[in-house]
Amino acid sequence: MIEIIKTTPYTDQKMGTAGLRKKSKVVMQEHYFENFLQSIFNVIAPEGKTFVIGGDGRFYNSIAIQKLIKMSAANGVKKLIVGKNGYLSTPASSNMILKNHTDGGFVLTASHNPGGENGDFGIKYATETGGQCSSQVSDKIFEQTKNITEFKILQCEDIKLDTLGSQKVGEMEVEIVDPITDYVKLMESIFDFDAIKKMFANGFTMRFDAMNAVTGPYAIEIFENVLGAAKGSVLNATPKQDFGGLHPDPNLVYAKELVDIMYGENAPDFGAANDGDGDRNMILGKKFFVTPSDSLAILTDNYALIPAYKGGIFGVAKSMATSTAVARVADAHKIGYYEVPTGWKYFVNLMDSKRITFCGEESFGTGSSHIREKDGIWAVLFWLNIIAATGKSVEEITTEHWQKYGRSYYLRFDFDGIPTDIANDLMKNLEEKLPSLNGQEMNGFKIKLAEVFTYNDPVDHSSTSNGMRILMEDGSRIVFRLSGTSSSGATLRVYLEKLERNKFDANPRDMVDELLKMAMNIAEIEKRTGKKQADVTT
Ligand code: VG1
Ligand code: CO
């Protein structure tokens, strides 16, 4: 029986950089999840449509997915394709949307944010493009959330999600699928699996840290079962509700177990990690770390080594905050190059219109037009394919890249938990100051341009402002942004880049020291937030 339940709105259901992201306890409030979902349905008219659904397995995944199924049935959805046990990585979901030509999908995830009752929960909503909805659509959904008065739900037993095949829930079809099979096929169609197999057979060693999150089963299947990496190459491979207490963010700070192995005695040849929902990646060699910005540049430079791309690529895009390393590669290869606001949704139009093939963000995201999300395992396979094709180590590949293109020393400084009004004032003050900075000399740098970054989408002609940037005459940069994924308070992100043409072995922290002083000073960070230094540096 379909029930119509009266409800009262919440006022905080605005989607950020990647969907809605909140403390689990916020989402657990009465009708919180239902209100948000019904608001999406009210905007997108789901009658007769098909969606892909799943989640990264975090706390509340199993409860939310039942609500999602029952509300879909009550709202006239024709069919749901559900990942077995309710699990689906973000890239696998995007692949299934495209492959099955569905009308969109939902991934229950707060991505790289911690999970558990005291952690975070979230919802990413994708359209038929396979990518997350545009800001224009999320604005409409936000308006709905403020006025919602009722939602529809089917009253029925919980649906069993552990057996593959089709079943009926009310009038709606629910098909439970194994998302791993299709994903493996997609990866096989892109990379040279035979060359990678041969490399493992010859003794190549790797560790992949799945961080107790959704990619564990995908990684075991691809790296160990299909490609022949030694058993035990995948660490933390079983998805856990609270990620085993880990913060599933693949960087040098949070992927500590992997980092200790890669910097220890007898380190394997290659190391990598993914985040909670499998769209981020970190790449390591023996005692060697590749910044995500460099990784994007290196993958782009080596596209011709990969079977799926060797015929040529359209172009490449990066988020504005990402280092300029890939710009130099695009220039050398004479391919299209775009800079977009932070968030993968801004790449979707560029991929759909065949302007770009690759894209990436400094926040450990890399991907291509094979899907419309960033893809952690894809990036790892790309690196393995380059290593197999060249016989070179991660360190050799990266240092040779710097010799050819120069090195962008790059670090991001995050100032967490700032009261929202203080953070907003800081940004406002900074914006007012920008014009006066043009042409000034400070800390050994000459400022070429200080501006608010505004992106004009060449496809839908929308215009988006996101963050501010200070560009120096020598190619160095400072970027300021407020995070759009924090579940409470504000996070100020300061991105620093120092371009060096000849010096490749310096400590990145030392190289950006003057830029950091300059950024602290210009934005009055200590005076306004009381923070002498960043909470997390990546
Ligand atoms: C962060 C990253 C951004 C990324 C987003 C979603 O956003 O900086 O590059 O696209 O997370 O990543 P923000 O607004 O907090 O800086 V994921 O792995 O959550 O989908
Ligand atoms: Co993610």
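Residues are numbered from 1 along each chain as its sequence is written, while chains are lettered from A and ligands numbered from 1 in the order in which they are written. In this predicted model local features need pLDDT of at least 70, side-chain atom pairs count only at pLDDT 80 or more, and totals for chains, interfaces and linings use all residues; side-chain values use heavy atoms, with hydrogens and water left out.

**Stop 1: the cobalt ion**

Select ligand 2, the cobalt ion, and then Ser111, Asp275, Asp277 and Asp279. These residues are its protein donors, through OG of the serine and OD of each aspartate, at 1.9 to 2.1 Å. Donors are N, O and S atoms within 2.8 Å of the metal (3.2 Å for Na, K and Ca); water is not among the atoms, so sites may look incomplete. Along the sequence the donor residues follow the spacing S-x163-D-x1-D-x1-D. Asp275 and Asp277 are both buried, that is, under 20% relative accessible area with a 1.4 Å probe and protein chains only.

**Stop 2: ligand 1**

Now select ligand 1 and the 21 residues around it, each with a heavy atom within 4 Å of the ligand. Thr17, Ser111, Lys124, Thr485 and Arg493 come nearest. The shell divides into 1 nonpolar, 9 polar and 11 charged residues.

Which side chains place a polar atom by an oxygen atom of ligand 1? Lys124 has one at 2.5 Å, Ser483 at 2.6 Å and Arg280 at 2.7 Å.

**Stop 3: the cavities**

Rolling a probe the size of a water molecule over the atoms shows where empty space is left. Here a cavity is a set of points, on a 1 Å grid over the protein atoms alone, where a 1.4 Å probe fits but cannot get out; lining residues have an atom within 4 Å of a point. The count comes to 5 cavities of 30 Å³ or more.

Stay at ligand 1, for the space it takes is the largest cavity. The volume of the largest cavity is about 220 Å³. Its lining has 24 residues, with Thr17, Arg280, Thr342, Ser363 and Thr485 nearest the centre.

Finally, select Thr90, Phe106, Lys124 and Glu373, which are among the residues lining the second largest cavity. That cavity has a volume of about 60 Å³.

How values were computed
Buried < 20%, exposed > 50% of the residue type's maximum accessible area, 1.4 Å probe, protein only. Polar contact = N/O pair within 3.5 Å; in protein donor to acceptor, adjacent residues only side chain to side chain. 1 Å grid on protein atoms, 1.4 Å probe; cavity = no way out; pocket = protein on both sides within 12 Å on 5 of 7 lines; lining within 4 Å. Sits in = over half its atoms within 2 Å of the grid points. Nonpolar A, V, L, I, M, F, W, Y, C, P; charged D, E, K, R; others polar. Points joined across faces, edges and corners; volume = space filled by probe spheres on them.
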